[in-house]
Amino acid sequence: MTAPNTLDFSTFHNVINNQLTTTSETRHGINPANTEPNPPVPVSTQDDLDKAVKAAQDAFKGWAKTSFEERRKALHAWADAIEANADGFAQTLTMEQGKPLTQASAEVGMAGTWIRGLAAIEIPENVIEETEDRKIVQRYTPIGVVGAIVPWNFPVLLAVGKIASAIYTGNPIIVKPSPFTPYCGLKLVELASKFLPPGVIQCLSGDESLGPLFTAHPGIEKISFTGSITTGKRVMAACAASLKRVTLELGGNDPAIICDDVDIDAVIPKVGVLSYLCSSQICMMIKRLYVHEKIYDEFLEKLVAFVKTLKVGNGTEADTFFGPVQNQMQYEKAKDLLSSIGTENLKTALGGSIESSSGYYIHPTIIDNPPETSRVVQEEPFAPILPVMKWSDEDEVLERANALDTGLGSSVWSKDFERATRMADQLQSGIVWVNSHFDVAPNAPFGGHKQSGMGVEWGLEGLLGYCNSQTLWLKKTV
C-alpha cells in the first residue's frame, strides 16, 4: 500500500482547482541525453487558463484572510512531502533537464530549505506615526492571482521559490512550467494541492503559446518570470496593457576577477565548478573569467587540467559532471557560438568542437585570452564555453567587467580581503561575491541590475514583491 503523499512519476496532469486534468491534445518533452521522447503532457488552452484563473480568484477571497501561521504550516507539510519523494523528483529532473543526478538531487534538496526559509521571514507592519488622536500604518496586503513562468534550467528550485513566496504572502498562484521541462513542475503542484484549498495552487502545461495567454489574461494580477532578456522584454510589454505587477529575473554574463595573490591550487577547483555547473546553463555561473597576467599562464594550465577530469555523459551515469545542454535550440546556439572561434581566429585551450553523439552534448571549452569584442565574451553562451582573459590594471578590469548591459552577478577573488571588497564595491550587479560565486540563500534577495531584471526574488524584498503596500490612516475620533 502506497503512502497518501507518494507520487507516481509515470503520468503527468494539469492541476486545476485541486483536480488532475488533461487536454485533448498532448505533447512531450525530449530527454536531452538521448533525444528520446519523455511522457505525454497536456497542451493547455485559453479555456483551461480561464478555469484556473476563476478558481484562483474564488480561492483568493479565503486564502488572503488566512494567518501567516496557517500558510506556514501548509508550506512545511509540502516541503516534507517533497523530501519524501526526493528520489523520484531527482530522477525526473535528470530525465527532463539532463543535469547529472548529483546536481538534480542537490536542487531537489534545496526545495525544502527554500520553502521553510521563505516561510520563516516576518512580513513587517511599519507604524509611521502614533499619537493620541491617530495612527498611520504601512502594511502589506496580497496582490491577487499570480502567474509564475518557470524556466528550464532550474525547474524545481525556481518554481518552488515563486510558489512559496506567493502562497506565504496570501496569493493563489498558477504555475506555467517550461515546455522543455514540464514534468517536475506538474508533480510539485500535484503534491502541493494535497495541503492547500482548491484554487490556491494550480499548474498548466502548454506549448510556446501559453505564456502570452498568461501575460494577457486580465484576471492575473502579477507575473513572476525567469528567462531570457529577449523574452523578458516581451513579458513586460504584454503586462503593461493591464498594468500587471511584474518581477523579471533575466540573463547574466557574470565576470569573475582573479587577483594575482590567490592560492591557485585552492581556487581552481572552485572556479572550475562554478563556471560549469549544469553545463553552464545557470544565469549566474561565471561566464567571463579575468585572471591577473602575473598568474595567467599557470592558472590557465591548471584550470584546463582540472576541467579535463570532469566527466561528460548521461546524467544517470556515476560521476558525470557535464550532462547535455537541455534542448536542441540551446544546442544549435552553442554550435553557432563555437563556430565564431574559427571566424574570429580565437585560440582554444580546451575543446572547441562538437563530438557526434545521440544527445545534446557540448564538451567543455576554454578560450585563451579572446578580445573583449569577441562573441564568446559579449554573449551569454548558456553552454560550457568559457573565455579566460588577462588583466593587469585594477581600474581597467573593473571597467571591462562592468561594460556589458547585463548585471546579474560578479565576483572578486583575492587573499587581500580589503582589496577584494574595494574592487567588489565598484561592480555593477545585483549580487556581488568575494572569494565565492553562486552562493544563494532563501533569506537573501536575488535579482539583477541593468537588463538582468527588475525587482528581486527571495528574501524580505522578494516577498514584498508579491504584496501591495497599503497605508492606513486611523483617526480615533470623528
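This dialogue explains how to read several features of a predicted model.

User: How many helices and strands are there in the protein?

Analyst: The predicted model contains 15 helices and 24 strands.

User: What does the radius of gyration say about the protein?

Analyst: The value is read against the one that a compact globule would have. For 478 residues that reference is near 23 Å, and the protein has 23 Å, so the two agree. As a further description, the C-alpha trace spans about 75 × 60 × 40 Å along its principal axes.

User: What percentage of the residues is buried, and how is the accessible surface made up?

Analyst: Of the 478 residues in the protein, 56% are buried. The accessible surface comes to about 19,200 Å², and carbon and sulfur atoms account for 52% of it.

User: Which share of the contacts joins residues at least 24 apart?

Analyst: The count begins with contacts between residues at least 6 apart in sequence; of these, 74% join residues at least 24 apart.

User: How many positive and negative charges does the protein have, and how far apart are their mean positions?

Analyst: There are 41 positive and 56 negative charges, and their mean positions lie 6 Å apart.

User: How is a pair of aromatic rings described?

Analyst: Two quantities are used: the distance of the centres and the angle of the planes. The structure holds 10 aromatic pairs. One of them is formed by Phe9 and Phe89, with 5.1 Å centre to centre and 80° between the planes, an edge-to-face arrangement.

User: Why does the pair of Phe9 and Phe89 tie together separate parts of the sequence?

Analyst: Phe9 lies in the segment before strand 1 (14–16), whereas Phe89 belongs to helix 3 (residues 86–97); the pair therefore ties together parts that are 80 residues apart in sequence. Both Phe9 and Phe89 are buried.

User: What arrangement do Phe446 and Trp458 form?

Analyst: Phe446 and Trp458 form a stacked pair, with 4.8 Å centre to centre and 25° between the planes. Phe446 is in the loop between strand 21 (431–434) and strand 22 (449–450), while Trp458 is in the loop between strand 23 (453–454) and helix 15 (459–464), 12 residues apart.

User: Are Phe446 and Trp458 buried or exposed, and why?

Analyst: The test is relative accessibility, and buried means under 20%. Phe446 counts as buried because its relative accessibility is 4%. Trp458 also counts as buried, at 4% relative accessibility.

User: Which residues form one aromatic cluster?

Analyst: Trp114, Phe446 and Trp458 form one aromatic cluster.

Notes
Residues are numbered from 1 along each chain as its sequence is written. This is a predicted model: local features need pLDDT of at least 70, side-chain atom pairs count only at pLDDT 80 or more; totals for chains, interfaces and linings use all residues. Side-chain values use heavy atoms; hydrogens and water are left out. Helices (H or I, at least four residues) and strands (E, at least two) are DSSP runs, numbered from the N terminus. The radius of gyration is taken over C-alpha atoms; the globule rule is 2.2 Å times the number of residues to the power 0.38. Buried means under 20% relative accessible area, exposed over 50%, partly exposed in between (1.4 Å probe, protein chains only). Contact means heavy atoms within 4.5 Å. Accessible areas come from the Shrake-Rupley method with a 1.4 Å probe; for residues, only the protein chains shown count as cover. Lys and Arg count as positive and Asp and Glu as negative; His and the chain ends are not counted. The place of a charge is taken as NZ of Lys, CZ of Arg, CG of Asp or CD of Glu. Rings of Phe, Tyr and Trp (its six-membered ring) pair if their centres lie within 6.5 Å; planes under 30 degrees apart count as stacked, over 60 as edge-to-face and the rest as tilted.
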